[in-house]
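Q: I have a model open and want to learn how to read its features. Can we go through a few together?

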Amino acid sequence: MPTLDPTLDPLLATLFWSAVTIGGYALARAIYRRWRFWWAMPLLLTPVLVGAVALSLHAGYGDYIRGTHWLMLMLGPATVAFALPIYEQRALIRRHWPVLLVGVLVGSTLAMGTAFALARLMGLSQTLQLSLMPRSTSTPFAMTVSGDIGGVPDLTAVFVILTGICGAMLGEVLLKLMPLRSSLARGALFGMGAHGAGVAKAHQIGGEEGSIAGLVMVLAGLFNVLMAPVVAYLVG
């Protein structure tokens, strides 16, 4: 079996794992365009493809993250990019900002509270409980909150991905079952329940839905970051 040389030059390791990640995403995206099944979502399929490569080379998580750390740093600018569609829909946002604000506050509180309560009810360790709490926000915000309250940021990132995939899938089902006719309600549903994956799904539905979803995702992330010290004190 081939193995990954731990003494591999850092530059070569960065180039290799970056190519594997970007290539895996491109392949997953092409597959999803051809077959629109939940299991083909790039957010789910890309980690599977990268994991298969890592296992075949007997590489650990440390090897991978050292080679792709720059990609993690790009998450922040990528989140900021959501400001453009938000700006384009600023008139809609100005009309409904009270409803959006209340929805974000209630949704974020329920998301954190239920995640923590269910984790404790299932007897999970405190580290897992704290890592699960910020799962309903986008990755950059969630990892920051997780580190501040005593969780494991890398583990939280996994929970964020799973939440996004499940939220995007269930969101489509809920739209069919619930009479949500306004773009505001449909966008908020995806932005609060499925963060980044939900924003992408909302944009497939419509421009206004995508903008609202992006706004809700960013506001929820900011709220979670601001609440992190309070949460750390309460669970400490």
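**Reading burial, helix packing and salt bridges**

A: Start with S18: this residue is buried, at a relative accessible area of 7%. Buried means under 20% relative accessible area, exposed over 50%, and partly exposed in between (1.4 Å probe, protein chains only). This is a predicted model, where local features need pLDDT of at least 70 and side-chain atom pairs pLDDT 80 or more, while totals for chains, interfaces and linings use all residues. Residues are numbered from 1 along each chain as its sequence is written, and side-chain values use heavy atoms, without hydrogens and water.

Q: Where is S18 found, and with what is S18 in contact beyond its neighbours within four places in sequence?

A: S18 sits in helix α1, residues 10-34. Helices are DSSP runs of H or I, at least four residues, numbered from the N terminus. Beyond its neighbours within four places in sequence, S18 is in contact with G67, T68 and W70. Contact means heavy atoms within 4.5 Å.

Q: At what angle do the axes of α7 and α11 cross?

A: Two packed helices are described by the angle and the distance between their axes. Here α7 (residues 90-121) and α11 (residues 183-205) cross at roughly 35 degrees, with axes that come within 11 Å. Axes are lines fitted to C-alpha atoms, for helices over the stretch in contact; angles run from 0 to 180 degrees between N-to-C directions. On the α11 side, S183, L184 and M192 make the contact. The α7 side includes L92, H96 and V99.

Q: Where in α7 is the kink?

A: At H96, shortly before the proline P98, with a kink of about 75 degrees. The bend at a residue is the angle between axes fitted to the seven residues ending there and the seven starting there. Buried residues of α7 include L92, L100 and F116.

Q: How many salt bridges does a search of the whole structure find?

A: Side chains of opposite charge can pair when their charged atoms come close. The search finds two salt bridges, each a side-chain nitrogen of Lys or Arg within 4 Å of a carboxyl oxygen of Asp or Glu. One joins D63 and R66 at 2.8 Å, N to O. These residues are three apart in helix α3 (residues 61-67), so about one helical turn separates them. D63 is partly exposed at 23%; R66 is exposed at 60%.

Q: Which parts of the chain does the pair R186 and E209 link?

A: R186 and E209 meet at 2.4 Å, N to O. The pair links distant parts of the chain: R186 in α11 and E209 in α12 (residues 207-235), 23 residues apart. Both R186 and E209 are buried.

Methods. Helix = DSSP H or I, 4+ residues; strand = E, 2+ residues; numbered from the N terminus.
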